[in-house]
Amino acid sequence: MSNDAWRAPGANADGFVDYESLQSAALRLDRDAFRLAYPVPALLVVYRDEELVDDTLDPTDSAVQLLTVSISSQGILRYLNRVAFVAKRPGNMFAHLVSVGRSATNDIVIGIETVSKVHGYFVREGSGLSFSDHSSTNGSRLNGDALEPAKPARLTDGDMLQLGLEVHLQFLEPDSLYDQLTGRR
């Protein structure tokens, strides 16, 4: 990470941007302009229920709303159709990492009970990013595999990161996010 904090245009206090607002911005911009405006990887909150859904859902699909009745915790509902960017929050400590967790002091705040106060953190490794679980109570998974606490796991475009019991995040590089937002897959 860099010492210079970057904040996504339109991000709320927790670091999330509404998917539809981001989609509107992407449709107004060409790929190069989008990369300049949103230069860091993103985390798209997706709904996954292993009993009902085998793959991630299109966040623009209205059928997503029909499935919400089966979600055990209503806390995740406020994060559906939201995108967080892996970036430092201005004024936050530890310039070399981006923290994620339930506490308001994290760079990305996910206020859900099954997410630990400081659940984990992202660290720049060369040209990519890794994620480390910070000995969280309910653990983290990458593409379904449990992560060992404090052991960095390299992230690749499209990976699914699970925090706690119910938060599923799709890791997207700027070009992939642009393609998804504009329907150019």
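Is N143 buried, exposed or partly exposed? N143 is partly exposed, with a relative accessible area of 45%. Here, buried means under 20% relative accessible area, exposed means over 50%, and partly exposed lies in between (1.4 Å probe, protein chains only).

This is a predicted model: local features need pLDDT of at least 70, side-chain atom pairs count only at pLDDT 80 or more, and totals for chains, interfaces and linings use all residues. Residues are numbered from 1 along each chain as its sequence is written, and side-chain values use heavy atoms, with hydrogens and water left out.

**View 1. N143 and N81, asparagines with a positive phi.**
N143 lies in the loop between β8 (140-142) and β9 (145-146). Strands and helices are DSSP runs, numbered from the N terminus: helices are H or I with at least four residues, strands are E with at least two. N143 is not a glycine, yet its phi is positive, at about 50 degrees. N81 is not a glycine either, and has a positive phi of about 65 degrees. N81 sits in the loop between β2 and β3. At 19% relative accessibility, N81 counts as buried.

**View 2. The open sheet of seven strands.**
The strand order is β1-β3-β2-β12-β11-β8-β9, with antiparallel pairing. Two strands pair if DSSP finds at least two bridges between them. At the edges are β1 (16-18) and β9, each pairing on one side only. β8 and β9 pair in the antiparallel sense over two bridges. Across this pairing, L142 stands opposite D145 in β9. α1 packs on the sheet and touches β1, β2 and β3. The direction of α1 makes about 70 degrees with that of β1. Such axes are lines fitted to C-alpha atoms, for helices over the stretch in contact, and angles run from 0 to 180 degrees between N-to-C directions.

**View 3. Helix α3, a mostly covered helix.**
Seven of the nine residues of α3 are buried. They are P174, L177, Y178, D179, Q180, L181 and T182. What do these buried residues pack against? Their partners are α1 (19-28), α2, β2 (42-46), β3 and β12 (167-172). Contact means heavy atoms within 4.5 Å. α3 lies across β2, β3 and β12, and runs at about 105 degrees to β12. Just after α3, G183 takes a positive phi of about 75 degrees.

**View 4. The salt bridge between R31 and D175.**
A salt bridge is a side-chain nitrogen of Lys or Arg within 4 Å of a carboxyl oxygen of Asp or Glu. By this rule the model has seven salt bridges. In the pair R31 and D175, the closest N and O atoms are 3.5 Å apart. This pair links distant parts of the chain: R31 is in helix α2 (residues 31-37), D175 is in helix α3 (residues 174-182), and they are 144 residues apart. R31 is partly exposed, at 27% relative accessible area. D175 is also partly exposed, at 31%. Both belong to a network of salt bridges that links R31, D32, R35, D175 and D179.

**View 5. Salt bridges of D107 with K88 and of E148 with K151.**
The closest N and O atoms of D107 and K88 are 2.8 Å apart. Their link joins distant parts of the chain, 19 residues apart. D107 is in the loop between β4 (97-101) and β5 (108-109), and K88 is in the loop between β3 (82-85) and β4. Are D107 and K88 buried or exposed? Both are buried. The side chains of E148 and K151 meet at 4.0 Å, N to O. K151 is partly exposed, with a relative accessible area of 47%.

**View 6. The stacked rings of Y38 and F85.**
Five aromatic pairs are found in the whole structure. Rings of Phe, Tyr and Trp (its six-membered ring) pair if their centres lie within 6.5 Å; planes under 30 degrees apart count as stacked, over 60 as edge-to-face and the rest as tilted. Why is the pair of Y38 and F85 stacked? The ring centres are 5.5 Å apart and the planes are at 25 degrees, so the pair is stacked. Y38 lies in the loop between α2 and β2 and F85 in strand β3, so the pair ties together parts that are 47 residues apart in sequence. Y38 is buried, at 5% relative accessible area. F85 is buried as well, at 4%. One aromatic cluster is formed by F34, Y38, F85 and Y178.
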